[in-house]
Amino acid sequence: MSPPYSLRPYQEQCIDRIRNAVAQHSRAVCVVMPTGAGKTRTLGEIVRRSVAKGRSCLWLAHRGELVDQAVSALASLGLQPGAISASASAAPQPFAPVQVATVQTLIARKLRPPAAIIVADEAHHYVAATFGEVIRDYPCALVFGPTATPERSDGHGLGALFTRLVVGVRVRELIAGGYLVPAELIAPREKLRRWQIAQRPVDAYLQHARGRRAIVFSPTVALAETHAEEFRAAGLTASVVTGETPWNERREAFDALRSGAINALVNVYVATEGFDLPEIDCVILARGFGSAGLYIQCVGRALRPAPGKTNAIVLDLTGTSHVHGHPEDDRQYGLEGRGIRKADDANVDQSYCRVCGAPIAPGEACTECGTQPREPLDLTITGEKLVPYARKRAEGDEARAATLARWI
(Lines give C-alpha, C1' and ligand atoms only; values in the text may rest on other atoms or scores of the structure.)
Protein backbone atom coordinates (compact mmCIF):
# COMPACT_ATOMS: atom_id res chain seq x y z
CA MET A 1 0.00 0.00 0.00
CA SER A 2 1.76 3.14 -1.24
CA PRO A 3 0.96 6.50 0.38
CA PRO A 4 -0.97 9.09 -1.72
CA TYR A 5 1.50 11.75 -0.57
CA SER A 6 5.18 12.30 0.09
CA LEU A 7 6.62 13.12 3.48
CA ARG A 8 8.74 16.18 4.12
CA PRO A 9 12.36 15.43 5.06
CA TYR A 10 11.92 16.40 8.70
CA GLN A 11 8.82 14.17 8.95
CA GLU A 12 10.85 11.18 7.78
CA GLN A 13 13.54 12.16 10.27
CA CYS A 14 10.95 12.35 13.04
CA ILE A 15 9.74 8.83 12.21
CA ASP A 16 13.34 7.62 12.42
CA ARG A 17 13.71 9.23 15.87
CA ILE A 18 10.51 7.53 17.04
CA ARG A 19 11.75 4.18 15.74
CA ASN A 20 15.05 4.69 17.57
CA ALA A 21 13.16 5.42 20.80
CA VAL A 22 11.15 2.22 20.37
CA ALA A 23 14.32 0.29 19.61
CA GLN A 24 15.62 1.49 22.99
CA HIS A 25 12.59 -0.13 24.67
CA SER A 26 10.47 3.01 25.03
CA ARG A 27 6.84 1.89 24.84
CA ALA A 28 5.18 5.29 25.40
CA VAL A 29 6.70 8.16 23.38
CA CYS A 30 5.62 11.81 23.44
CA VAL A 31 6.28 13.36 20.01
CA VAL A 32 6.72 17.15 19.93
CA MET A 33 6.05 18.90 16.62
CA PRO A 34 5.01 22.58 16.27
CA THR A 35 1.61 23.62 14.96
CA GLY A 36 1.75 23.35 11.17
CA ALA A 37 4.50 20.70 11.12
CA GLY A 38 2.09 17.95 10.08
CA LYS A 39 1.66 15.78 13.17
CA THR A 40 -1.28 13.92 11.65
CA ARG A 41 0.62 13.16 8.46
CA THR A 42 3.71 12.02 10.34
CA LEU A 43 1.92 9.77 12.83
CA GLY A 44 -0.56 8.74 10.13
CA GLU A 45 2.36 7.40 8.10
CA ILE A 46 3.44 5.28 11.07
CA VAL A 47 -0.12 3.94 11.25
CA ARG A 48 -0.21 3.32 7.49
CA ARG A 49 3.02 1.32 7.60
CA SER A 50 1.72 -0.68 10.55
CA VAL A 51 -1.58 -1.47 8.80
CA ALA A 52 0.38 -2.57 5.72
CA LYS A 53 2.07 -5.14 7.97
CA GLY A 54 -1.28 -6.44 9.21
CA ARG A 55 -1.39 -4.58 12.53
CA SER A 56 -4.40 -2.80 14.02
CA CYS A 57 -4.23 0.78 15.31
CA LEU A 58 -6.28 2.96 17.64
CA TRP A 59 -6.34 6.75 17.15
CA LEU A 60 -7.60 8.73 20.16
CA ALA A 61 -9.20 12.19 19.89
CA HIS A 62 -9.67 14.13 23.12
CA ARG A 63 -13.13 15.50 22.20
CA GLY A 64 -16.06 13.81 20.48
CA GLU A 65 -16.41 16.47 17.78
CA LEU A 66 -12.79 15.86 16.75
CA VAL A 67 -13.41 12.22 15.84
CA ASP A 68 -14.86 13.13 12.44
CA GLN A 69 -11.96 15.49 11.83
CA ALA A 70 -9.45 12.74 12.59
CA VAL A 71 -11.33 10.23 10.41
CA SER A 72 -11.27 12.69 7.50
CA ALA A 73 -7.57 13.47 7.98
CA LEU A 74 -6.60 9.79 8.10
CA ALA A 75 -8.78 9.01 5.07
CA SER A 76 -6.87 11.68 3.12
CA LEU A 77 -3.71 9.69 3.88
CA GLY A 78 -5.14 6.60 2.22
CA LEU A 79 -6.50 4.90 5.34
CA GLN A 80 -10.09 3.78 5.92
CA PRO A 81 -10.72 4.26 9.65
CA GLY A 82 -13.87 3.49 11.58
CA ALA A 83 -15.37 5.85 14.16
CA ILE A 84 -16.31 5.04 17.75
CA SER A 85 -18.22 8.03 19.10
CA ALA A 86 -21.87 8.94 19.61
CA SER A 87 -21.24 12.44 18.24
CA ALA A 88 -19.41 11.29 15.09
CA SER A 89 -21.12 11.42 11.72
CA ALA A 90 -18.57 9.03 10.21
CA ALA A 91 -19.93 5.51 9.87
CA PRO A 92 -18.70 2.88 12.35
CA GLN A 93 -16.62 0.14 10.78
CA PRO A 94 -15.99 -2.35 13.57
CA PHE A 95 -13.68 -4.53 11.48
CA ALA A 96 -11.52 -1.72 10.07
CA PRO A 97 -7.85 -2.03 11.14
CA VAL A 98 -7.83 1.63 12.25
CA GLN A 99 -10.37 2.93 14.77
CA VAL A 100 -10.80 6.56 15.90
CA ALA A 101 -12.36 7.05 19.32
CA THR A 102 -12.36 9.09 22.51
CA VAL A 103 -11.14 7.65 25.78
CA GLN A 104 -14.48 8.54 27.36
CA THR A 105 -16.43 6.52 24.76
CA LEU A 106 -14.18 3.49 25.13
CA ILE A 107 -14.64 3.54 28.90
CA ALA A 108 -18.40 4.16 28.78
CA ARG A 109 -19.00 1.38 26.23
CA LYS A 110 -16.37 -0.92 27.72
CA LEU A 111 -14.79 -1.28 24.28
CA ARG A 112 -11.17 -2.13 23.61
CA PRO A 113 -10.66 -2.53 19.83
CA PRO A 114 -7.50 -4.48 18.95
CA ALA A 115 -4.44 -2.25 18.60
CA ALA A 116 -0.71 -2.78 18.28
CA ILE A 117 -0.23 0.99 18.08
CA ILE A 118 -2.16 3.71 19.91
CA VAL A 119 -1.90 7.38 18.89
CA ALA A 120 -3.13 9.82 21.56
CA ASP A 121 -3.52 12.94 19.43
CA GLU A 122 -2.96 16.29 21.19
CA ALA A 123 -1.45 14.33 24.05
CA HIS A 124 -1.38 17.26 26.49
CA HIS A 125 -5.17 16.95 26.96
CA TYR A 126 -5.15 13.49 28.45
CA VAL A 127 -5.65 12.93 32.17
CA ALA A 128 -3.47 10.19 33.60
CA ALA A 129 -6.30 8.40 35.43
CA THR A 130 -8.75 7.96 32.54
CA PHE A 131 -6.01 7.54 29.94
CA GLY A 132 -4.37 4.87 32.10
CA GLU A 133 -7.66 3.01 32.48
CA VAL A 134 -7.60 2.36 28.73
CA ILE A 135 -3.87 1.96 28.18
CA ARG A 136 -3.37 -0.68 30.85
CA ASP A 137 -5.60 -2.97 28.78
CA TYR A 138 -3.00 -2.78 25.97
CA PRO A 139 0.14 -4.06 27.70
CA CYS A 140 1.90 -4.88 24.41
CA ALA A 141 0.87 -1.80 22.38
CA LEU A 142 3.17 1.07 21.46
CA VAL A 143 1.73 4.43 22.52
CA PHE A 144 2.60 7.67 20.69
CA GLY A 145 1.44 11.10 21.87
CA PRO A 146 1.87 13.87 19.28
CA THR A 147 1.57 17.44 20.58
CA ALA A 148 2.96 20.91 19.95
CA THR A 149 2.91 21.65 23.67
CA PRO A 150 4.00 18.79 25.96
CA GLU A 151 2.59 20.11 29.23
CA ARG A 152 -0.68 20.05 31.15
CA SER A 153 -2.73 23.18 31.83
CA ASP A 154 -0.90 23.61 35.14
CA GLY A 155 2.46 23.66 33.33
CA HIS A 156 3.64 20.21 34.44
CA GLY A 157 5.15 17.78 31.95
CA LEU A 158 3.56 14.55 30.73
CA GLY A 159 5.74 12.13 32.65
CA ALA A 160 2.68 10.38 34.08
CA LEU A 161 1.69 9.33 30.54
CA PHE A 162 4.96 8.85 28.65
CA THR A 163 8.45 7.52 29.30
CA ARG A 164 10.31 9.14 26.41
CA LEU A 165 10.12 12.50 24.60
CA VAL A 166 11.11 12.99 20.96
CA VAL A 167 11.38 16.45 19.37
CA GLY A 168 10.58 16.07 15.68
CA VAL A 169 11.39 19.59 14.45
CA ARG A 170 11.57 23.16 15.73
CA VAL A 171 9.77 26.32 14.62
CA ARG A 172 12.87 28.01 13.21
CA GLU A 173 13.65 24.96 11.09
CA LEU A 174 10.13 25.07 9.66
CA ILE A 175 10.43 28.78 8.87
CA ALA A 176 13.83 28.28 7.23
CA GLY A 177 12.31 25.52 5.07
CA GLY A 178 9.31 27.64 4.07
CA TYR A 179 6.85 25.42 5.94
CA LEU A 180 5.87 28.25 8.31
CA VAL A 181 6.05 32.02 7.95
CA PRO A 182 8.14 34.29 10.21
CA ALA A 183 6.38 36.26 12.94
CA GLU A 184 6.74 39.92 13.85
CA LEU A 185 6.07 40.38 17.55
CA ILE A 186 4.69 43.75 18.68
CA ALA A 187 4.34 44.18 22.44
CA PRO A 188 4.65 46.66 25.31
CA ARG A 189 8.14 47.14 26.75
CA GLU A 190 7.31 45.04 29.81
CA LYS A 191 4.73 42.58 31.09
CA LEU A 192 1.62 44.33 32.38
CA ARG A 193 -0.36 43.37 35.47
CA ARG A 194 -3.37 41.07 35.43
CA TRP A 195 -6.44 42.62 33.82
CA GLN A 196 -4.39 45.26 32.06
CA ILE A 197 -3.90 45.62 28.32
CA ALA A 198 -1.82 48.22 26.54
CA GLN A 199 -4.45 49.17 23.95
CA ARG A 200 -7.89 48.19 22.75
CA PRO A 201 -7.54 45.34 20.23
CA VAL A 202 -9.13 47.40 17.46
CA ASP A 203 -6.71 50.29 18.01
CA ALA A 204 -3.69 47.98 17.86
CA TYR A 205 -5.13 46.36 14.74
CA LEU A 206 -5.69 49.66 12.94
CA GLN A 207 -2.19 50.88 13.80
CA HIS A 208 -0.18 47.73 13.08
CA ALA A 209 -2.23 45.19 11.11
CA ARG A 210 -4.91 46.98 9.11
CA GLY A 211 -6.29 44.77 6.32
CA ARG A 212 -5.07 41.50 7.80
CA ARG A 213 -7.26 38.59 8.90
CA ALA A 214 -7.07 38.70 12.67
CA ILE A 215 -8.02 36.35 15.46
CA VAL A 216 -8.44 37.93 18.91
CA PHE A 217 -8.05 35.97 22.15
CA SER A 218 -10.14 37.50 24.94
CA PRO A 219 -10.33 36.34 28.59
CA THR A 220 -14.12 36.41 29.08
CA VAL A 221 -17.26 36.26 26.96
CA ALA A 222 -18.29 39.75 28.05
CA LEU A 223 -14.95 41.22 26.98
CA ALA A 224 -15.07 39.29 23.70
CA GLU A 225 -18.43 40.90 22.90
CA THR A 226 -17.00 44.31 23.84
CA HIS A 227 -13.93 43.82 21.66
CA ALA A 228 -16.03 42.75 18.68
CA GLU A 229 -18.34 45.72 19.10
CA GLU A 230 -15.32 48.06 19.14
CA PHE A 231 -14.25 46.61 15.78
CA ARG A 232 -17.73 47.24 14.38
CA ALA A 233 -17.83 50.78 15.78
CA ALA A 234 -14.60 51.47 13.85
CA GLY A 235 -16.28 50.44 10.59
CA LEU A 236 -14.79 46.93 10.55
CA THR A 237 -16.47 43.53 10.69
CA ALA A 238 -16.06 41.03 13.52
CA SER A 239 -17.71 37.90 14.92
CA VAL A 240 -17.54 36.19 18.32
CA VAL A 241 -17.23 32.47 19.07
CA THR A 242 -17.22 30.96 22.56
CA GLY A 243 -17.53 27.52 24.07
CA GLU A 244 -21.32 27.93 23.91
CA THR A 245 -21.38 28.68 20.19
CA PRO A 246 -22.87 25.74 18.21
CA TRP A 247 -20.38 23.97 15.96
CA ASN A 248 -22.15 24.95 12.72
CA GLU A 249 -22.02 28.64 13.75
CA ARG A 250 -18.34 28.31 14.62
CA ARG A 251 -17.69 26.84 11.17
CA GLU A 252 -19.55 29.72 9.53
CA ALA A 253 -17.44 32.23 11.48
CA PHE A 254 -14.20 30.45 10.53
CA ASP A 255 -15.27 30.39 6.86
CA ALA A 256 -16.10 34.11 7.00
CA LEU A 257 -12.63 34.89 8.31
CA ARG A 258 -11.04 32.63 5.70
CA SER A 259 -12.85 34.38 2.84
CA GLY A 260 -12.19 37.86 4.21
CA ALA A 261 -15.89 38.52 4.86
CA ILE A 262 -14.92 39.59 8.37
CA ASN A 263 -11.79 41.36 9.57
CA ALA A 264 -11.56 39.76 13.00
CA LEU A 265 -12.76 36.69 14.86
CA VAL A 266 -12.90 37.24 18.62
CA ASN A 267 -12.90 34.05 20.66
CA VAL A 268 -12.81 32.71 24.21
CA TYR A 269 -11.10 29.28 24.64
CA VAL A 270 -12.24 28.07 21.19
CA ALA A 271 -9.63 28.77 18.51
CA THR A 272 -6.61 27.61 20.49
CA GLU A 273 -6.28 24.37 18.50
CA GLY A 274 -8.18 21.81 16.47
CA PHE A 275 -8.77 23.94 13.39
CA ASP A 276 -6.67 24.88 10.39
CA LEU A 277 -7.03 28.39 8.98
CA PRO A 278 -3.77 29.32 7.21
CA GLU A 279 -5.25 32.61 5.97
CA ILE A 280 -4.95 34.09 9.48
CA ASP A 281 -1.97 36.45 9.45
CA CYS A 282 -2.57 38.38 12.67
CA VAL A 283 -3.03 37.18 16.26
CA ILE A 284 -4.13 39.67 18.92
CA LEU A 285 -3.51 38.57 22.49
CA ALA A 286 -5.91 40.53 24.69
CA ARG A 287 -5.32 38.21 27.64
CA GLY A 288 -2.40 36.77 29.57
CA PHE A 289 -1.24 33.16 29.65
CA GLY A 290 -0.17 31.32 32.78
CA SER A 291 1.20 28.39 30.78
CA ALA A 292 3.57 28.40 27.84
CA GLY A 293 1.53 25.66 26.14
CA LEU A 294 -1.62 27.70 25.60
CA TYR A 295 0.42 30.74 24.52
CA ILE A 296 2.26 28.65 21.90
CA GLN A 297 -1.01 27.16 20.62
CA CYS A 298 -2.54 30.62 20.21
CA VAL A 299 0.34 32.35 18.43
CA GLY A 300 0.77 29.28 16.24
CA ARG A 301 -2.62 30.00 14.62
CA ALA A 302 -0.96 32.62 12.40
CA LEU A 303 2.23 30.83 11.35
CA ARG A 304 0.86 28.48 8.70
CA PRO A 305 1.72 29.52 5.12
CA ALA A 306 -0.94 30.55 2.59
CA PRO A 307 -0.86 31.97 -0.96
CA GLY A 308 0.41 35.56 -0.85
CA LYS A 309 1.21 35.38 2.86
CA THR A 310 4.79 36.35 3.72
CA ASN A 311 4.68 36.83 7.48
CA ALA A 312 2.47 36.99 10.55
CA ILE A 313 1.96 39.72 13.12
CA VAL A 314 1.45 38.93 16.80
CA LEU A 315 0.01 41.86 18.76
CA ASP A 316 0.70 41.05 22.40
CA LEU A 317 -1.37 43.56 24.38
CA THR A 318 -0.47 42.22 27.84
CA GLY A 319 3.28 41.66 27.47
CA THR A 320 2.89 37.93 28.07
CA SER A 321 5.64 37.32 25.48
CA HIS A 322 8.13 38.69 28.02
CA VAL A 323 7.36 35.55 30.04
CA HIS A 324 6.94 32.95 27.30
CA GLY A 325 9.21 34.30 24.57
CA HIS A 326 8.97 35.02 20.87
CA PRO A 327 6.89 32.59 18.76
CA GLU A 328 10.07 31.55 16.93
CA ASP A 329 12.18 30.91 20.03
CA ASP A 330 13.70 27.52 20.67
CA ARG A 331 12.37 25.91 23.83
CA GLN A 332 13.37 23.14 26.19
CA TYR A 333 10.92 20.28 26.68
CA GLY A 334 10.74 17.76 29.48
CA LEU A 335 8.44 15.08 30.84
CA GLU A 336 9.09 15.97 34.48
CA GLY A 337 8.66 19.34 36.18
CA ARG A 338 7.87 22.16 33.79
CA GLY A 339 6.94 20.73 30.42
CA ILE A 340 8.09 23.76 28.40
CA ARG A 341 10.79 26.29 29.21
CA LYS A 342 12.43 29.08 27.28
CA ALA A 343 15.84 27.86 26.19
CA ASP A 344 17.59 30.84 27.81
CA ASP A 345 15.47 31.14 30.96
CA ALA A 346 14.33 28.45 33.35
CA ASN A 347 12.10 30.86 35.29
CA VAL A 348 8.49 30.83 34.09
CA ASP A 349 5.77 33.00 35.60
CA GLN A 350 3.45 30.59 37.39
CA SER A 351 0.18 31.18 39.21
CA TYR A 352 -0.54 29.27 42.41
CA CYS A 353 -3.73 28.46 44.30
CA ARG A 354 -4.35 30.98 47.09
CA VAL A 355 -5.68 28.19 49.37
CA CYS A 356 -3.48 25.11 48.95
CA GLY A 357 -0.54 26.54 46.97
CA ALA A 358 -0.78 24.13 44.04
CA PRO A 359 0.17 25.48 40.58
CA ILE A 360 -2.87 26.58 38.56
CA ALA A 361 -3.68 28.07 35.17
CA PRO A 362 -4.99 31.66 35.49
CA GLY A 363 -8.77 31.88 35.49
CA GLU A 364 -9.25 28.17 36.18
CA ALA A 365 -10.27 26.26 39.33
CA CYS A 366 -7.54 24.56 41.33
CA THR A 367 -7.22 20.92 40.29
CA GLU A 368 -6.04 19.93 43.78
CA CYS A 369 -8.56 21.53 46.16
CA GLY A 370 -11.24 22.89 43.82
CA THR A 371 -10.90 26.55 44.83
CA GLN A 372 -12.61 28.73 42.25
CA PRO A 373 -10.85 31.77 40.74
CA ARG A 374 -11.73 35.21 42.03
CA GLU A 375 -14.18 37.25 40.01
CA PRO A 376 -12.32 39.13 37.27
CA LEU A 377 -11.51 42.76 37.77
CA ASP A 378 -12.54 45.41 35.28
CA LEU A 379 -10.13 45.50 32.38
CA THR A 380 -7.77 48.49 32.42
CA ILE A 381 -6.27 49.97 29.26
CA THR A 382 -2.89 51.46 30.16
CA GLY A 383 -2.13 53.25 26.87
CA GLU A 384 1.30 51.62 26.80
CA LYS A 385 3.03 51.97 23.44
CA LEU A 386 3.54 48.75 21.50
CA VAL A 387 7.09 48.24 20.28
CA PRO A 388 7.75 46.55 16.91
CA TYR A 389 10.76 44.26 16.61
CA ALA A 390 11.17 44.31 20.40
CA ARG A 391 13.31 41.18 20.41
CA LYS A 392 15.52 42.36 17.54
CA ARG A 393 16.25 45.68 19.24
CA ALA A 394 17.76 43.83 22.17
CA GLU A 395 20.10 41.68 20.04
CA GLY A 396 23.68 42.43 19.12
CA ASP A 397 24.85 43.45 15.66
CA GLU A 398 25.97 39.93 14.70
CA ALA A 399 22.64 38.31 15.62
CA ARG A 400 20.67 41.01 13.83
CA ALA A 401 22.80 40.63 10.70
CA ALA A 402 22.19 36.87 10.72
CA THR A 403 18.43 37.44 11.01
CA LEU A 404 18.49 39.94 8.14
CA ALA A 405 20.32 37.43 5.95
CA ARG A 406 17.78 34.74 6.82
CA TRP A 407 14.85 37.04 6.01
CA ILE A 408 16.38 38.04 2.67
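Buried means under 20% relative accessible area, exposed over 50%, and partly exposed in between, with a 1.4 Å probe and protein chains only. This is a predicted model, in which local features need pLDDT of at least 70, side-chain atom pairs count only at pLDDT 80 or more, and totals for chains, interfaces and linings use all residues. Residues are numbered from 1 along each chain as its sequence is written, and side-chain values use heavy atoms, without hydrogens and water.

**Exercise 1.** State what share of the chain is buried.

Solution. The chain has 408 residues. Buried residues make up 52% of them.

**Exercise 2.** Describe the length and the cover of helix H2.

Solution. Step 1: helices (H or I, at least four residues) are DSSP runs, numbered from the N terminus, as are strands (E, at least two). Step 2: H2 covers residues 39-52, 14 residues in total. Step 3: the expected span is 1.5 Å times one less than the number of residues. For H2 this gives 20 Å, and the helix reaches 20 Å from its first C-alpha to its last. Step 4: 10 of the 14 residues are buried, so H2 is mostly covered; among them are Leu43, Ile46 and Val47. Step 5: just after H2, Gly54 has a positive phi of about 90°.

**Exercise 3.** Find which residues lie nearest the centre of the largest cavity.

Solution. Step 1: a cavity is a set of points on a 1 Å grid over the protein atoms alone where a 1.4 Å probe fits but cannot get out; lining residues have an atom within 4 Å of a point. Step 2: the largest cavity has 18 lining residues, and Pro34, Val171, Ile296, Pro327 and Tyr333 lie nearest its centre. Step 3: helix H10 (292-299) and strand S15 (331-333) each give two or more residues to this lining.

Conventions:
1 Å grid on protein atoms, 1.4 Å probe; cavity = no way out; pocket = protein on both sides within 12 Å on 5 of 7 lines; lining within 4 Å.
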